[in-house]
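My entries follow in the order in which I looked things up.

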Amino acid sequence: MLGCRHCYDLRHQSCQTHDKRVDVLAKDLRLLRFALEGPDVGLNLLGIAALEKVLRRLKRRGRWA
């Protein structure tokens with residue numbers, strides 16, 4: 001059965017798996033620190049994902065050895 005993405009409300013996989021909260025934490029280091037040190041495990045996991053993103057960005061720009 002064929003249909004367009006609009007008709008079936010389909011999205012790319014990257015859009016489905018991307019979490020904007022990680023981007024917010026990666027851009028604000030105060031929030032990132034709070035997420036990593038806080039008592040909420042879910043927030044800790046988001047903080048870890050954001051930290052990985054920050055480290056990948058630094059490594060890509062040659063600022064992290």
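**Entry 1: helix 3 and helix 4**

How close do the axes of helix 3 and helix 4 come, and at roughly what angle do they cross? Before answering I note that this is a predicted model, in which local features need pLDDT of at least 70, side-chain atom pairs count only at pLDDT 80 or more, and totals for chains, interfaces and linings use all residues. Residues are numbered from 1 along each chain as its sequence is written, and side-chain values use heavy atoms, with hydrogens and water left out.

I found that the axes of helix 3 and helix 4 come within 5 Å and cross at roughly 115°. That makes helix 3 roughly perpendicular to helix 4, in a scheme where angles under 35 degrees count as roughly parallel, over 145 as roughly antiparallel, 65 to 115 as roughly perpendicular and the rest as oblique. Helices here are DSSP runs (H or I, at least four residues), numbered from the N terminus, and axes are lines fitted to C-alpha atoms over the stretch in contact, with angles running from 0 to 180 degrees between N-to-C directions.

I then listed the residues of this contact (heavy atoms within 4.5 Å): V24, L25, A26 and K27 come from helix 3, and L29, L31, L32 and A35 come from helix 4. By class they divide into seven nonpolar, no polar and one charged; Ala, Val, Leu, Ile, Met, Phe, Trp, Tyr, Cys and Pro count as nonpolar, Asp, Glu, Lys and Arg as charged, and the others, Gly among them, as polar.

**Entry 2: helix 4 and helix 5**

Next I took helix 4 (residues 29-37) and helix 5 (residues 41-60), whose axes come within 7 Å and cross at roughly 135°. That makes helix 4 oblique to helix 5. The crossing is left-handed, a term used if the near helix is turned anticlockwise from the far one by less than a right angle, with right-handed used if clockwise. On the helix 4 side the contact is made by L32, F34, A35, L36 and E37, and on the helix 5 side by L43, N44, G47, I48, A50, L51 and V54. I count by class nine nonpolar, two polar and one charged residues in the contact of helix 4 with helix 5.

L32, in helix 4, is buried at a relative accessible area of 5%, where buried means under 20%, exposed over 50% and partly exposed in between (1.4 Å probe, protein chains only). Leaving aside neighbours within four places in sequence, L32 is in contact with L25, G47, A50, L51 and V54. L32 and A50 are 18 residues apart in sequence, and their C-alpha atoms are 7.2 Å apart in space.

N44, in helix 5, is also buried, with a relative accessible area of 18%. With neighbours within four places in sequence left aside, N44 is in contact with A35, L36, E37, G38 and P39.

**Entry 3: helix 3 and helix 5**

For helix 3 (residues 20-27) and helix 5 I noted axes that come within 8 Å and cross at roughly 60°, and the two helices are therefore oblique to each other. The crossing of helix 3 and helix 5 is right-handed. Here R21, V22, D23, L25 and A26 in helix 3 meet L46, G47, A49, A50, K53, V54 and R57 in helix 5, and these residues divide into seven nonpolar, one polar and four charged.

**Entry 4: the cysteines and R11**

How many disulfides does a search of the whole structure find? The search finds zero disulfides, a disulfide being a pair of cysteine sulfur atoms within 2.5 Å. C4 is in no disulfide, and the nearest cysteine sulfur, that of C7, is 3.0 Å away, which is too far for a bond. I also noted that C4 is partly exposed, with a relative accessible area of 37%, while C7 is exposed at 61%.

Last, I placed R11 in the loop between helix 1 (5-8) and helix 2 (13-17). R11 counts as exposed at 52% relative accessibility. R11 and L45 are 34 residues apart in sequence and 25 Å apart in space, C-alpha to C-alpha.
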